[in-house]
Amino acid sequence: MGVSLIIQVSHLYKIYKTDDMETVVLSDVSLKINKGEFVAIMGPSGSGKSTLMHILGALDLPTSGTYFLDNQEVGKLSDDELADIRNRKIGFVFQAYNLLPRTSALDNVMVPMEYAGVSETEQLKKAKKLLEMVGLSDRMNHPPNKLSGGQQQRVAIARALVMDPAIILADEPTGNIASAQAEEIIEIFQKLNKDGHTIIMITHESDIAEHARRIIHIRDGKIVQDGNDHKQRLIKESYEIIKTN
Ligand SMILES: Nc1ncnc2c1ncn2[C@@H]1O[C@H](COP(=O)(O)OP(=O)(O)OP(=O)(O)O)[C@@H](O)[C@H]1O
Ligand SMILES: [Mg+2]
């Protein structure tokens, strides 16, 4: 079997209109991502990264353009279908963790399974296994407000994984975390990617982005560079240098 597309975005625009102003936040973004890729998205503050990620995660719809997620056209789905896709196909990891602060790590991880109607025994089994995977076996009963930033982010990753999503979307997952802990978070993503998860991660830091196999640069709502193209251009250029010498 060859590579298969999991995300296909064509001519996407996101425009906010008020009475006297129009803000173009995404402008003619086209993008293809295959199953199993590890993609980093970089760009200045306000360039549209989170907006794009919200659209990719079916949390928001574009003003125009089409988005196919796993061969389904997202713009044509009902609210219920969208909610189901968000819960089953996508795992979200946010910079601010978005955990319930006074509920145990274990219960936080179980939330998406509760929504999906998974049995309690199964919920417990899965949540424990994932918290072990992210190195938190000894912190399962701690609430997030008694955990470090890196530990909270690992709870958020475990929660993102409980429904075994094909895609993991992470918006600055290491943004609030000291660099040693950030390395650990990235190692978890790399392991997940090896296991076949598609990962799309926004980051400001180029040393974090280097861990991805493909880096997409966004500026003013446009893709200005895509890692794969960039590599190909370099190969072509070096070939031409060899030829002309
Ligand atoms: N509801 C809205 N109405 C108008 N403009 C908006 C709205 N929401 C977001 N924007 C604008 O969209 C632009 C892109 O925002 P976005 O959050 O996608 O940026 P970002 O690249 O994630 O930035 P950062 O790195 O700071 O997180 C910003 O300039 C923002 O002001
Ligand atoms: Mg952002």
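Trainee: What do the buried residues of H5 pack against?

Mentor: In this predicted model, the buried residues of H5 pack against S6, H3, H4, S7 and H6. Contact means heavy atoms within 4.5 Å. Residues are numbered from 1 along each chain as its sequence is written.

Trainee: What makes H5 mostly covered?

Mentor: A residue is buried under 20% relative accessible area, exposed over 50% and partly exposed in between, with a 1.4 Å probe and protein chains only. Twelve of the 13 residues of H5 are buried, among them Val155, Ile157 and Leu161.

Trainee: How do you know that the span of H5 agrees with that of a helix?

Mentor: Helices are DSSP runs (H or I, at least four residues), and strands are E runs of at least two, numbered from the N terminus. The expected span is 1.5 Å times one less than the number of residues. The 13 residues of H5 should therefore span 18 Å, and the end C-alpha atoms are 19 Å apart, which agrees.

Trainee: Why is a set of residues called a nonpolar core?

Mentor: The name applies because its members are buried Ala, Val, Leu, Ile, Met, Phe, Trp, Tyr and Cys residues joined through side-chain atoms within 4.5 Å. The largest such core has 41 residues; Val155, Ile157 and Phe189 are among those with the most contacts inside it. H5 and H6 (179-194) are among the elements that each supply at least two residues of this core. A second, separate core of 29 residues includes Ile41 and Leu77.

Trainee: Which residues does Phe189 contact, leaving aside neighbours within four places in sequence?

Mentor: They include Phe38, Ile157 and Met201.

Definitions and conventions
Chains are lettered from A and ligands numbered from 1 in the order in which they are written. This is a predicted model: local features need pLDDT of at least 70, side-chain atom pairs count only at pLDDT 80 or more; totals for chains, interfaces and linings use all residues. Side-chain values use heavy atoms; hydrogens and water are left out.
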